[in-house]
Amino acid sequence: MLRKTHAFATNKSRLLALAVLPAVVLPVLAGCSDPGASAAQPESEAAKNGIVYNTSVEQNRIRGEKDAAATSKVPEAIAKDGKLTVATTAGAIPLSFHATDDKTPIGVEVDIAQLVADKLGLELDLQVTSWENWPLKTQSGDFEAVFSNVGINAARVKLFDFSTYRAAYMGFEAKKSSTYDIKGSDDISGLKISVGSGTNQEKILLAWNKELEAKGKAPATLQYYSSDADTILALSSGRTDLNLAPFPSVTYRENTRDDLKVVGKVNAGWPAETLVAATTLKGNGLAPAITDALNSTIEDGSYGKVLERWGLSEEAIPESKTVTEATFVVPAGTGK
């Protein structure tokens with residue numbers, strides 16, 4: 001594949017540091033880190049909420065029709081090879097994960113990326129990468145867009161442009177037998193909580209612990225595990241009291257398992273709000289085209305059908321907007 005290159009204006013160390021800034025997503029998926037477990041997954045799974053999750057290679061995706069207005073905004077440097085090279089992390093059901101063959105990336109992020117590529121009249125060239133690598137590879141031009149539950153924040157708008165497409169929430173999950181009801185810092189005092197290092201989840205919990213300490217209350221104990229399967233095993237076995245992860249993932253587990261449930265919800269941008277957005281290189285001109293493509297999918301209903309397919313209708317937004325450093329508004333209450 002012909003790789004497109006862009007100006008690499010930021011040094012490597014800064015980019016690597018960006019990768020571990022507060023992140024919206026930490027992949028948390030029981031079994032997917034284990035090829036054997038993944039291969040044993042059923043090809044479709046009926047959830048308690050009536051959604052049937054198709055985890056097979058044959059996705060029969062909802063497709064979009066080319067939108068002339070959106071297509072006209074695609075920069076020539078990106079359009080010339082006829083492809084839209086998109087990165088995803090394939091780490092969490094139902095966001096982005098591997099199908100039952102343990103190699104084909106599927107999920108709501110992949111479906112939305114496909115719709116956008118269709119609207120722009122481009123072939124989707126999907127690349128699986130790690131969370132730590134997407135910033136550097138987007139800056140270098142290996143990736144033209146990232147669809148991987150990325151949230152907008154003040155640090156990222158200095159390097160990237162965004163096209164919003166979904167609400168961003170985190171969910172607390174616990175054993176079904178628990179009586180937890182997590183609404184704020186007081187509710188986690190003294191509990192053991194698993195969380196990913198360098199994520200927005202961790203940022204929220206650290207801030208809540210400061211609130212507890214200021215009140216003279218016992219902070220929560222944060223626990224870190226080396227794999228997704230270990231995280232869920234620790235929770236289900238009682239070694240941790242709570243897990244904080246992307247809301248779509250904890251909702252999926254609540255709907256497909258008998259031992260876990262959602263016990264709290266918090267905006268990923270706490271204490272303010274944020275949105276999930278397609279991420280592109282700052283100033284390369286692609287974001288406005290993606291924004292138009294997303295709005296076209298919202299208008300024709302294909303966007304809603306994709307979210308419904310994965311049980312995420314409540315995270316729909318009425319309109320996609322382009323967010324750049326020039327238009328980004330620092331949320332009130334963040335102190336930044």
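**Strands, helices and cores in a predicted model**

Ser 163 finds its bridge partner at Ala 278, in strand 14. The pairing it belongs to joins strand 8 (residues 160–167) and strand 14 in the antiparallel sense, over seven bridges. Strand 14 covers residues 275–281, and six of its seven residues are buried, so this strand is largely enclosed by the rest of the structure.

Stepping back to the whole chain, the secondary structure comes to 11 helices and 15 strands. The chain has 336 residues, and 54% of them are buried. Among contacts with a separation of 6 or more, 79% are between residues 24 or more positions apart. The accessible surface of the chain is about 13700 Å², and carbon and sulfur atoms account for 51% of that surface.

Five strands take part, in the order 11-10-12-9-13, and their pairing is mixed. Strand 11 (221–223) and strand 13 stand at the edges with a single partner strand each, so one side of each has no neighbour in the sheet. On average, and ignoring direction, neighbouring strands of this sheet are turned by 30° against each other. Strand 10 and strand 11 run parallel and are joined by three bridges. Within this pairing, Ile 193 has Leu 222 of strand 11 as its bridge partner. Helix 8 packs on the sheet, where it touches strand 9, strand 10, strand 12 and strand 13, and its direction makes about 45° with that of strand 9.

Which residues of helix 8 are buried? In this helix, made of residues 228–237, they are Asp 228, Thr 231, Ile 232, Ala 234 and Leu 235. Seen down the axis of helix 8, these buried residues fall within an arc of 155°, so they line one face of the helix. Their cover includes strand 9 (169–175), strand 10 (192–194), strand 12 (242–246) and strand 13 (260–267), together with helix 9 (247–256). After helix 8 comes Gly 238, which has a positive phi near 95°.

Attention now turns to the nonpolar interior. In soluble globular proteins, nonpolar side chains tend to be buried together. In this model, the largest nonpolar core has 59 residues, and those touching the most other members are Leu 120, Phe 147, Phe 172, Ile 188, Leu 242 and Ile 290. Helix 5 (residues 108–119) gives the most to this core, contributing six residues. Leaving out residues up to four places away in sequence, Ile 188 touches Phe 172, Ile 182, Ile 193, Leu 205, Trp 208, Asn 209, Leu 212, Ala 220 and Leu 242.

Apart from neighbours within four places in sequence, Glu 109 is in contact with Thr 88, Leu 95, Ser 96, Phe 147, Ser 148, Asn 149, Tyr 165, Arg 166 and Val 276. One of these contacts, Phe 147, is also among the residues that touch the most other members of the largest nonpolar core.

Note on methods:
Residues are numbered from 1 along each chain as its sequence is written. This is a predicted model: local features need pLDDT of at least 70, side-chain atom pairs count only at pLDDT 80 or more; totals for chains, interfaces and linings use all residues. Side-chain values use heavy atoms; hydrogens and water are left out. Helices (H or I, at least four residues) and strands (E, at least two) are DSSP runs, numbered from the N terminus. Buried means under 20% relative accessible area, exposed over 50%, partly exposed in between (1.4 Å probe, protein chains only). Contact means heavy atoms within 4.5 Å. Accessible areas come from the Shrake-Rupley method with a 1.4 Å probe; for residues, only the protein chains shown count as cover. The arc is that of the directions from the helix axis to the C-beta atoms. Two strands pair if DSSP finds at least two bridges between them. Axes are lines fitted to C-alpha atoms, for helices over the stretch in contact, and angles run from 0 to 180 degrees between N-to-C directions. A nonpolar core is a set of buried Ala, Val, Leu, Ile, Met, Phe, Trp, Tyr and Cys residues joined through side-chain atoms within 4.5 Å.
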